[in-house]
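This report goes through one structure, from a sheet to its domains, a helix pair and an RNA surface. The sequence and the structure come first.

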Amino acid sequence: MKNLFVFNNLTKNKEKFEPLNPPSITIYTCGPTVYDHSHIGHARSAISWDFIVRFLRSTGYKVSWTRNITDIDDKIINKAKEVNLHPDKIARIYTHSFHEDMLALGVEWPDFEPHATQYLSQMYDFINELIKKGKAYQIESDVYFSVSASKNYGQLKGQSVEELEKGFERIEPNPKKKHKLDFALWKGIKDKNEYSFQSPWGKGRPGWHLECSAMNYSIYGESIDIHGGGDDLIFPHHENEIAQSESLTGKVFSKYWMHNGMIMVDGKKMAKSEGNFVTIKDALRSVSGNALRLFVLNTHYRMPLNYTNEGVFAAQNGINRLQEALDNYEASNGNMLNIETNEFVKEFNESMADDFNSSQALSVLFKITDLINTEKNKKKKHELQSTLIYLSGVLGLDLQNENLSPNFIRKNILDKLIDNLISWRTESREKKDYASSDKIRDILNNCRIEVKDLPENKYKWQIKL
RNA sequence: GGCGGCAUAGCCAAGCGGUAAGGCAGAGGUCUGCAAAACCUCUAUGCGCCAGUUCAAAUCUGGCUGCCGCCUCCA
């Protein structure tokens, strides 16, 4: 394959991709804060990093992917108070929910999934080192990172410290900080009943940015190849990660910084705080996981993506077309695909090698689909189908699986099917055509569906095993 | 206020100097008992607006207009 180019937000340029220790690649992406069900925005992010990792692996790189879970956060604590549960339990509930969603979307498990709560001692060490080096200072039970001790603060945001300060003029300054851009590494508790952890500086909680730096350092050491996340994390989150990590090690923290674009709803960013979000679970009630993935892949990962029902339905229809091209695929005929010489693989790889242009890569899948549908020669057709399966797999699409959530099947298929059969049965009974009405009930019984007639032509059904 | 991004058919969207990929939707036709799927044909002389550079611009430059993001938690 020809060279891979990736857009690096550090330099704001598309650069030739050259990992630190080829063929190994280390990639860290920011995962969710687990205080509620994940929404389509989280789905886009997860799917984006998933297909990028899959593609890198398909070209021979040995990728180690880490995606964290933020399980210490004020939002988790607030939610816990709201529903009267322990914050730790809230975190576990929504971590589980997130995992369910990832499975439904066909997102592979990352190689490491560190939780903030598991890395507290590493965070303490990290802070201690920074204090020792004079890069951080303790005020009462808080510890702050000193931005003036950081070399290129603002490099990722693309603004100088002076320019950043202007932005901060709108914010009420924290009088404890020496410099208004300084940020908390450790926040001491104000009330002794607060959810907190015992640290060398007293009870408190870690600053948000710290966990990613400490986890990265602990898992991968001083430098990684790629750090990813949503583009809303560029400042301050990623900027601060760079400041902390590079102040500690003196090395470049991440060689490449990649950011996915936001999901928009009616022109506004989808966000919990905007109240304009659609959860992944909701979306999967009307469309398959494959469809949601195609919807995401259809737009380049760095562009904003507007979420509409029309858009995901269009994606579902696109998936249907791809899947139908696989009808009559004989898996037993083996897969004779030679990915080294296959012209479609080549074309696909060239698109993907240009900063992961999945939108363009998808057109190759549809081109193959056209050819499958017109190919008369069985052997050639089988080859084309094998190619389609392979390439869709690189993008994480599972075309040989309907990939529909149980909720989808229940709501859109089963309920309607039973309703229709029963209204047919009711009609038959009204016409005293009992042979037909009994036949319909037999069909349902054969499907383990037991129907009970209720007064006023109502009914209920249940599964009887 | 500071910084950054985006504007391409009915909808989504790629293209990044050589004369508009792809998907969805739509129209007509073939096939079919009727459908569905599939196949064939059609659907932007034009890429927000105005100038400029060039043999050549959606693509480069400048200026407008509109929308969005970050600077506060956020994928």
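In which sense do strand β12 and β13 pair, and over how many bridges? The model is a predicted one, and in it β12 (residues 263–265) pairs with β13 in the antiparallel sense, over two bridges. Across this pairing, Val265 stands opposite Lys268 in β13. The two strands belong to an open sheet of three strands, ordered β13-β12-β14, with mixed pairing. β13 and β14 are the edge strands, each pairing on one side only.

Three domains are assigned in chain A, with the bounds tabulated here.

| Domain of chain A | Residues |
|---|---|
| domain 1 | 5–135 + 209–265 |
| domain 2 | 286–394 |
| domain 3 | 406–463 |

The centres of domain 1 and domain 2, taken over C-alpha atoms, are separated by 29 Å. Their contact takes 25 residues from domain 1 and 20 residues from domain 2. On the side of domain 1 that touches domain 2, at least two residues each are supplied by β1 (5–8), α1, β11 (254–260) and β12. Of these elements, α1 gives the most, with ten residues. By class, this side of domain 1 has 15 nonpolar, seven polar and three charged residues.

Helix α1 also has a described partner. The axes of α1 (residues 40–58) and α9 (residues 289–297) come within 10 Å and cross at roughly 80°. That angle makes α1 roughly perpendicular to α9. From α1, the residues in this contact are Ala43, Arg44, Ile47, Ser48 and Phe51, and they meet Leu292, Arg293, Val296 and Leu297 in α9. The contact of α1 with α9 has six nonpolar, one polar and two charged residues.

By class, the residues of the surface near RNA strand B divide into 19 nonpolar, 26 polar and 13 charged.

Methods:
Residues numbered from 1 in each chain as written. Chains lettered and ligands numbered in written order. Predicted model: local features only at pLDDT ≥ 70, side-chain atom pairs only at ≥ 80, totals over all residues. Axes fitted to C-alpha atoms, helices over the stretch in contact; angles between N-to-C directions. Helix = DSSP H or I, 4+ residues; strand = E, 2+ residues; numbered from the N terminus. Parallel < 35°, antiparallel > 145°, perpendicular 65-115°, else oblique. Contact = placed C-beta atoms within 7 Å. Nonpolar A, V, L, I, M, F, W, Y, C, P; charged D, E, K, R; others polar. Pairing = 2+ DSSP bridges. Domains from an automatic or database assignment.
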